[in-house]
Amino acid sequence: MSDLNFFFEVLIGGLLSGVMYSLVALGFVLIYKASGVFNFAQGSMVLFAALTFVGIMEQGIPFWPALVVALVVMMVLAVGIERVVLRPLVNQPQISLFMATIGLSYLLEGLGQGLWGTQVRALDLGIEDMPNETIQTMLGIQVSTFDIFSAISAALLVGLLALFFNKTRVGLALRAVADDHQAALAVGIPLQHVWAIVWAAAGLVALVAGLLWGSRLGVQFSLSLVALKALPVLILGGFTSIAGAIVGGLIIGASEKLAEVYIGTFTGGAVAAVENWFPYMLALVFLLVRPQGLFGDKIIERV
Amino acid sequence: MKKSVLASLAIGAGLLAGASSPSPVMAQAMEQFMPIPIYRTGPYAAGGTGYFGGFMDYMAMVNARDNGVNGVKMIWEECETAYDNARGVECYERLKGKGPTGAAMFHPLSTGITYSTFEKGTADKVPVVSMGYGRGDAMVGSVFPYTFPLVTTYWSQNTAKIKFIGMKEGGMDKLKGKKLVNVYHDSAYGKETIDILNKQAAMYGFEIKHFPVAHPGLDQKAIWLQIKQFAPDWVILRGWGVMNPTAIKEAARIGFPREKMLGVWWSGSEEDMRPAGTAAKGFYAAGFHPAGKNFPVLKDIEKFVQSKGKGNIEAERMGTIYYNRGVVTGIISLEAIRTAQEKFGKKPLTGEQVQWGLEHLNLTAARIKALGGEGLVQPIKTSCNDHEGGGAVKFQQWDGEKWTVVSDWIDADKSLVRPLAEESAAKYAKEKGITPRDCSKEM
Amino acid sequence: MLYREAGQFKTSYQKDQAIFPIRQDRIAVWALLLAVFIAVPLLADDYWLGSIITPLLVLSLAAIGLNILTGYAGQLSLGTAGFMAVGAFAAYNLNIRVPELPLIVDFLLAGVFAAMVGMVFGLPSLRIKGFYLAVATLAAQFFIEWVFTHVGWFTNYSSSGVISAPPMHILGMTIDTAVEKYLLTLSVVAVLALGAKNMVRSRIGRSWMAVRDKDISAEVIGIPLLSTKLSAFGISSFYCGVAGALWTYCYLGTVEPAAFDLNRSFQVLFMIIIGGVGSILGSFLGAGFIVLLPILLNNIAAMIGHGTLQADTMANLEHIIFGGLIIFFLIVEPHGLARLWQIAKEKLRLWPFPY
């Protein structure tokens, strides 16, 4: 197999991994945009969603109803979080809200595992995680069917969210809140409702991410760690941009794979396993040029 | 601003009241205490609950069936470590003095906690038993008197793995020119075998390439694409937790045959295979004990413990790899206590006395049969200088549903492992200023 | 009644600038110091000293470090454990490579190394702010962890990449019992905490706070941003580095780089937020809360759930309660335990005649 083909395989593999990271990053962006909360519990929400879904399936309920029930659970959770955690903390400094979401992540991890058990579960969506033969014969490179499926799912989800944000009344309210909390309140937009809706949307994203990641890794505690993969995507793309989450994910995914393969090769394997820090460094260097990320809102400071 | 200590003491006083209030287990005298530093939460909870579930079930069974070890009942107390070093140390300190005579021994079930407790164990005279994990060089008993990597270490099982690959290839001489890959968890645990693999590569003339996987290993595409480029004959997997199913799936995606993949025992549990689904079919794993429920000792546990609703774990997890590992731990630990009782009397023993038992363990095939563990446990004989004892492993293959044993006990290459261990132990002793005890004088 | 400052007049600048301007406070602090140096070692057993109080003190020190950076200078950091690791590995390498150096010098130099690394990773703070910076400090965390895992020189080519603290000697004394380790830790922490308390009241501390409150305004009134931010990163990392060295030498003994993982960073961040952002006292209170609460919960769980199938539920319940309490405290008192302490003191001043 030629070097060029190999390069493309790494590149495409990386891009598709990036889509998976974007999925998780999307949840962060949604919540940050609407409420200014850096929701550290997003990873735990992914875990909780997947655990709930698998737990319900284990009760003998078929796929689609289980999906609906899991979605309802995530929405109830979102409303609950808004009521119990966010509402009393309105107007507190961002760091307090950030901390509260860390507390929330403990709570969700305990709750999810307490309800459904700590065992590792398989989740089969019925899509093969094997090289797609059509692509292999056409282009001569191996791309997994599952990766393509998740890329399509992500695209659908983003499309759906874009429609929701841009074409509905609620979406308009969401954008107003994202723009300026107080101005939105002043024109009579109920902040609480909007927050509940945003958290519910983040719950939906968490469920989709949980299903896709869960079917790859198995539904287990480590699912909550996918958040760490999403953070560099977030800073690269900007905290407030959905498009940023997608483009950031693609850049991070591709560059981290290329770095892992080619840095390793050039240094004779002396420098390896860079995947944990390389994306962060990349994002850091990028931030030095553009402190608000790729598509983030420009920070304008007045004294 | 140093007032805070006062405040923390105030909180502490409340805690102390909680911690030292007499729990029911401390009342009587004919009891032997066993600490259970379990982890029921966190990424590795499946391992923690399975292993200690089996261990506690075995002790409960011995209590119910034989009224304890020679009339001394086993008692235990859990402490949640969450697989965190600092919490593990706290658990060790909390539990080491419990029971009438203190802890008999300490099973950290984490390489990190083993590292953080074995020196404390030596100082406190509490044996730290790291069965199938921990540091490989601790088998040198003269330098590590209170550390017992019983049954088999990473180093020993690694030589057995190469032997197994040799068998599959049709002889050790056939290894020449073969290409092997070692995919390891990028941590102290994962790195343990790099040196010994390099030595063996030079010895048998195969080529070895090491690929570290950064923790937790959620996405390994880059590594497996490189492996595909390298096109190895065999892949050795030293994973932990979520890294395992991910690695197997990635192997499937690049079309690497799972029948050419070989895992360490922390890559070889049902929990590691199941999430990988059909992709895991054909995967081999080393194990110092097989899975399955068809052993007399498990039937006794079923009869005396689980069927009475007194189990420490869900009944359906009986017979899994982790559970059986806990049972094996129970058999060996209690046998060590029994051995020590022969010398010190049939009463609760201190850690120091149990250390003698661990060092004079002689688990023969006949004895194993009497204990109901035939085929589950391998014969073990320890001595003052040999804290490992067995060293053999069996290989099992995943058929998509369960593990099937595919080899007999394969012995480790002790002639290779032992000098390496001694070299490493000597280096440790020098760094620490320890004078090794003279084992020829101790019997 | 007893806690009243009536009749205590500040007749000199020196008195006006004292750390504890109220006489009762000074007496309390001296009493406390006596208690922790003399009474605690006599009363507490090895378990309490070795596995609860010592790590608590070490983590308090790390929390002071983070508090300097986050609480006083306003730069959110998630790289605390990374800087602790630098300190730990530096102390180890100094100890085995330059055995002539006294242990305390090793610790201080370990802090200096950590400070240098901290300043390098602090450079981006000049351009990046808020959560962007927090995530950027994660780069430091992961990169440092990676370096210590991969560069054999740092671990003296140990095959598994762990370091093991050599025996400690100070002025010919060997430090190996829990009491001795406690006293060593306590002395270091007490001196450094006093230093921190003074630092935040001095010019440098005030310029940190000016930068925290509004960096542009601070620049306008003549505070150099570069040196102020970098000094915050440096001094903060110095504290974390010393804490890392103590963590290895006085607590764990043998560590692998994974002992300084991201969870440790979060743990320290918890401490300052629960304890009080921008408060030295809060660092201690927060450390007490975060260290003791899980142990307390676990002890309760052990009493209730012993040997039953409910143990699983109990373990998860601990998680839920821990998370819940964090949220609860944030809602009840967003400024942390230190603020509660302050309120109590205000009340006490007026008691029993609040009007």
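This is a predicted model: local features need pLDDT of at least 70, side-chain atom pairs count only at pLDDT 80 or more; totals for chains, interfaces and linings use all residues.
**Strand S7 of chain B**

I then looked at the burial of the strand that opens this entry. Five of the five residues of S7 (residues 234-238) of chain B are buried, so the strand is largely enclosed by the rest of the structure. I checked which way the side chains go. Trp234(B), Ile236(B) and Arg238(B) point one way from S7(B), while Val235(B) and Leu237(B) point the other way. Side chains in a regular strand alternate between the two faces of the sheet.

Next I looked for the partners of S7(B). Strand S5 (residues 179-185) of chain B runs parallel to S7(B), and five bridges join the two. In this pairing I found Val181(B) opposite Val235(B). Strand S8 (residues 261-263) of chain B also pairs with S7(B) in the parallel sense, over three bridges. Here Ile236(B) has Leu262(B) of S8(B) as its bridge partner.

**Chain B as a whole**

I counted the elements of chain B: 15 helices and 13 strands. The radius of gyration is 22 Å, close to the 22 Å that the globule rule gives for 443 residues, so chain B is as compact as a globular protein of that length. Its C-alpha atoms fill a box of roughly 65 × 60 × 55 Å along the principal axes. I find 63% of the 443 residues buried. Of the contacts between residues at least 6 apart in sequence, 70% join residues at least 24 apart.

**Domains of chain B**

I looked up how chain B is divided. The assignment gives domain 1 (25-152 + 292-381) and domain 2 (155-287 + 395-414). The C-alpha centres of the two domains of chain B lie 28 Å apart. Across the boundary, 14 residues of domain 1 of chain B are in contact with 18 residues of domain 2 of chain B. On the domain 1 side, helix H4 (111-124) and helix H12 (321-344) of chain B are the elements that give two or more residues. H4(B) gives the most, with three residues. By class, I note seven nonpolar, seven polar and no charged residues on this side.

**Chain B against chain C**

Which residue class has 18 members on the side of chain B that touches chain C? I began with the totals: 45 residues of chain B are in contact with 51 residues of chain C. Several elements of chain B each supply at least two residues to this side, among them helix H1 (3-20), strand S2 (73-78), helix H3 (85-95) and helix H15 (414-432). H4 of chain B is also one of these elements. The largest share, 11 residues, comes from H1(B). The class with 18 members is the charged one, alongside 13 nonpolar and 14 polar residues.

**Chain A**

Last, I turned to chain A. I found 12 helices and zero strands. A compact globule of 303 residues would have a radius of gyration near 19 Å, and chain A, with 20 Å, agrees with that. Along its principal axes the C-alpha trace of chain A spans about 65 × 60 × 35 Å. Of the 303 residues of chain A, 55% count as buried. Residues 24 or more positions apart account for 72% of the contacts in chain A with a separation of 6 or more.

Key. Residues are numbered from 1 along each chain as its sequence is written. Chains are lettered from A and ligands numbered from 1 in the order in which they are written. Helices (H or I, at least four residues) and strands (E, at least two) are DSSP runs, numbered from the N terminus. The radius of gyration is taken over C-alpha atoms; the globule rule is 2.2 Å times the number of residues to the power 0.38. A residue is buried if 20 or more other C-beta atoms lie within 10 Å of its own, exposed if 12 or fewer, and partly exposed in between; C-beta atoms are placed from the backbone. Two residues are in contact if their C-beta atoms, placed from the backbone, lie within 7 Å. Two strands pair if DSSP finds at least two bridges between them. Domain bounds come from an automatic or database domain assignment. Ala, Val, Leu, Ile, Met, Phe, Trp, Tyr, Cys and Pro count as nonpolar, Asp, Glu, Lys and Arg as charged, and the others, Gly among them, as polar.
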